Structure formats: C-alpha cells, structure tokens
Amino acid sequence: MANLVGAITTSHVPAIGRAIARNLQQEPYWRPFFDAFAPVHRWLAETRPEVLVVFYNDHGLNFFLDKMPTFAVGAAPVYSGADEGWGLPVMASFEGEQALSWQLIDALVQDEFDITSCQEMQVDHAFALPMALLWPDQAWPVKVVPVCINTVQFPLPSARRCYALGESVGRAIRGWDSDARVAVMGTGGLSHQLDGQRAGFINKDFDLRFMDSLVDDPKWATQFSTHELVEKAGTQGVELLMWLATRGALGSSARCLHRNYHLPISNTASGLMLLVP
Amino acid sequence: MCTPDIPGTTLFDGRQARKGYALNKMCFSFNQAANREAFVRDEDACCAAYGLNAQQREAIRARNVLQLIEAGGNAYYLAKFAGIFGLDMQDIGAQQTGLTKAEFQARLLAAA
C-alpha cells in the first residue's frame, strides 16, 4: 500500500509569481518568505515523494460561474497553467497520476462526497506557485493529483466538511495499491482580504492559533462557520480550508518539522508548515 | 440565515453571483491577452458584447473597485480587469480604503 509521507501547507498569492519571474527572492522584502523553504527543500530531497496530492482553490482560470463545483478532483494525464490576466510566464506542465486520481474519486464517492471529476483541467497560480516554491528549478520530480475546493462563490463547503474530505483522501491514499511515497499539500491563506473597505485585513493572533491547532488539536477550526472564518481571517483567509483538508489527510497525529509565519507578502500573512505523521 | 454583516465586506453569494454574471464573465475573458487588447481598443463594444447593465458599465468606466463590487463583481475576476492597467492588489487595496499605496502598505506592516 502507498505510504503517506507528509504534508506541506503554504500561501500562494500571485505576487509570489511576480517575485519569481523578476528574480526577487533575495530582496529584503521577499527573503524572509523564500528562505523559509530551505528546510522543506531538505526534507523533500531526503524523503523523495513520488506523488503529490494538492488541495487548492481555483481563482477563475479553469472554473467560471457557469459551472462551479464545490469539490473537483483532477483525473487528467497532464495539467497546464495559462495566462491569468497578468501576462506572467507559464510554468512547465505537471504530469498527472491518473491511477491515484481514480482511487480518490472512487473512495470519495463511496464516502458520500459528491465530487466532480475532471479529465481536462487547467491549474492556476494556487497550484503552480507552491510547486515552484517546493522545487525552485521547476523540474517537477512528482506526479500530481489536484483537488480543487470552491472558495469563489458562497456557500462554501464548511470547515468541518473540508476536514472530512481530507480524511477521506488520506484513507484513499493509504489504501492505494501502490508502493509509492505520497505527500499532500494545501495552498492558500493565511489571513487576508482583497475586497471591500476591509481590504488589508490581517489577523496575526488567529493565524498563529490556527497553525498551533494543526499540530495538537487539528479540528479546532472546524468549530467555526464560514461566516465566522471570514470574520476572523478575511474573505480570502477562508483559503485555510485547504490547510484543514491537508491536515485531515495526514491522519490523527502529526509532528511539525518546520513552520514559518511572515507578513506581509502583498496583502497577505504568509504561513508555511511541514508536518509528518 | 441570520448572520450579522461583516463591516466593509460583501460576501459573493448567490445574490451577487446573479447580479454580477455579465460583468464577471467579461472580466473572466481577460484571462486571454487578445480579449484584454479588445477591451483597450474598444471598451464600449466589449461591455456591450457582454451585456453589462448601466451600473456595471459606469463602474467599469470609473475604474472603481467598490462600485464594481456593488454591481456584482467578484474579487478574483476583477483582479483580471485590474491587470489590464498593471495594478496590483496593493493598488486595489489602497483605492478601496481611500489610502495612498504607501499608507496602505504601512497598514499591512502594522499587522506584524
């Protein structure tokens, strides 16, 4: 059976892409963010995961309001990025692990998650930028399975539901008839709000409490409604749903090997965690 | 549901999604450079082709993010509209909060 080796959670804002495109990683503004990935790079080099399941939220590249799935699982042989309106360079495409895609789809529906399966799927910055943070040479050593969670159009799936989705994904990975080393990643957050007079909202106390909770009390944030999460973390801070799904996949206990919290990058408080079972 | 409003925040719910469909569909089209160029070339024709209503048309004309949200715009699609003008999220944040960009950046730093 497949081996779930660890979980990584990180922010994904488009400004990271601009910083990479302009080679600003060592500028004083960006250095505290990019340098924090060094321990993750060492762990990846030692652990050598072969497959990566990525929980992320599309921002209007693959999905529009004409069809908006709450949960979508990629089942494509290959996933590509595209221009998202800002003309940034598009990264190399990502090879899909279709056998694990269908393992997840079968298991999730069995567990009564009525997901959408996608044999063609573009992946946006929320998928691609974290990949480039993990592997700065952008030569991807893993096959991938994207799992997209709607945070564009309310109602969003609840924190409790996203955690349960992650638990189901974790069971499906561990039940996969393969000897592959599989890691999971969740992208987005932490607290930020782009829209409205409340733009620029950041809540450091909440973010730090949330990161703490993922180690010892992982269901802590599932007590909150979506409305409460927006209030505490901002309209885009609700992306912490990806972190909850990722933590759910990891299983009941987790050990934190590395974490970083730095703000601001663009309008966002950035978080990074590396957790192992 | 009976949940109190969050100040300065419009949740993009079904009501907003219905109201803003045409506006968001036009902004979604700006993923493609050719559509961004078409907008720059003939803004009126572009807005007419997507069937924007008068409120949406005026909000686009004004380049005003709060008005665009009021007209049903969603932050993620509006970001593609902002991209046409080379504006980043801190420009957008400054405009919505009535601050200069430097003041908005200082507010972000103060959260640390």
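Residues count from 1 along each chain as its sequence is written, and chains are lettered from A, with ligands numbered from 1, in the order in which they are written. As this is a predicted model, local features need pLDDT of at least 70 and side-chain atom pairs count only at pLDDT 80 or more, while totals for chains, interfaces and linings use all residues.

**View 1. The open sheet of chain A has eight strands.** Let us start with the strand order, which is 6-3-7-2-8-1-10-9, with mixed pairing. Strands here are DSSP E runs of at least two residues, helices are H or I runs of at least four, and both are numbered from the N terminus. Two strands pair if DSSP finds at least two bridges between them. Strand 6 (116–118) and strand 9 of chain A each have a single partner strand, so one side of each is left without a neighbour in the sheet. From one strand to the next, the twist averages 15 degrees. Within the sheet, strand 2 (residues 51–56) and strand 8 (residues 181–187) of chain A run parallel, joined by five bridges; Val54(A) has Met185(A) of strand 8 as its bridge partner.

**View 2. Strand 10 of chain A (residues 268–276) is mostly covered.** Eight of its nine residues are buried, a term for residues with 20 or more other C-beta atoms within 10 Å of their own C-beta, placed from the backbone (12 or fewer is exposed, in between is partly exposed). Strand 1 (residues 3–10) of chain A runs antiparallel to strand 10 and is joined to it by four bridges, with Ile8(A) opposite Leu274(A). Strand 9 of chain A is also antiparallel to strand 10, through eight bridges; here Arg255(A) is the bridge partner of Val276(A). The hairpin of strands 9 and 10 has two residues between the strands, and Ser266(A) takes a positive phi near 50 degrees.

**View 3. Helix 6 of chain A covers residues 159–174.** Its end C-alpha atoms are 23 Å apart, which agrees with the 22 Å that 16 residues should span at 1.5 Å a residue; the expected span is 1.5 Å times one less than the number of residues. Buried residues of this helix include Cys162(A), Tyr163(A), Leu165(A), Val169(A) and Ile173(A).

**View 4. Chain A meets chain B through 32 residues of chain A and 38 of chain B.** Contact means that two C-beta atoms, placed from the backbone, lie within 7 Å. On the chain A side, helix 8 (226–233) and strand 9 (255–265) each supply at least two residues, and helix 8 gives the most, with three.

**View 5. Helices 8 and 9 of chain B cross at roughly 100 degrees.** Chain B has nine helices and zero strands, and buried residues make up 38% of its 112 residues. The axes of helix 8 (residues 89–97) and helix 9 (residues 101–110) of chain B come within 8 Å. That makes the two helices roughly perpendicular, the class for angles of 65 to 115 degrees (under 35 is roughly parallel, over 145 roughly antiparallel, the rest oblique). Gln90(B), Asp91(B), Gly93(B), Ala94(B) and Thr97(B) of helix 8 make the contact with Lys101(B), Phe104(B) and Gln105(B) of helix 9.

How values were computed. Axes fitted to C-alpha atoms, helices over the stretch in contact; angles between N-to-C directions.
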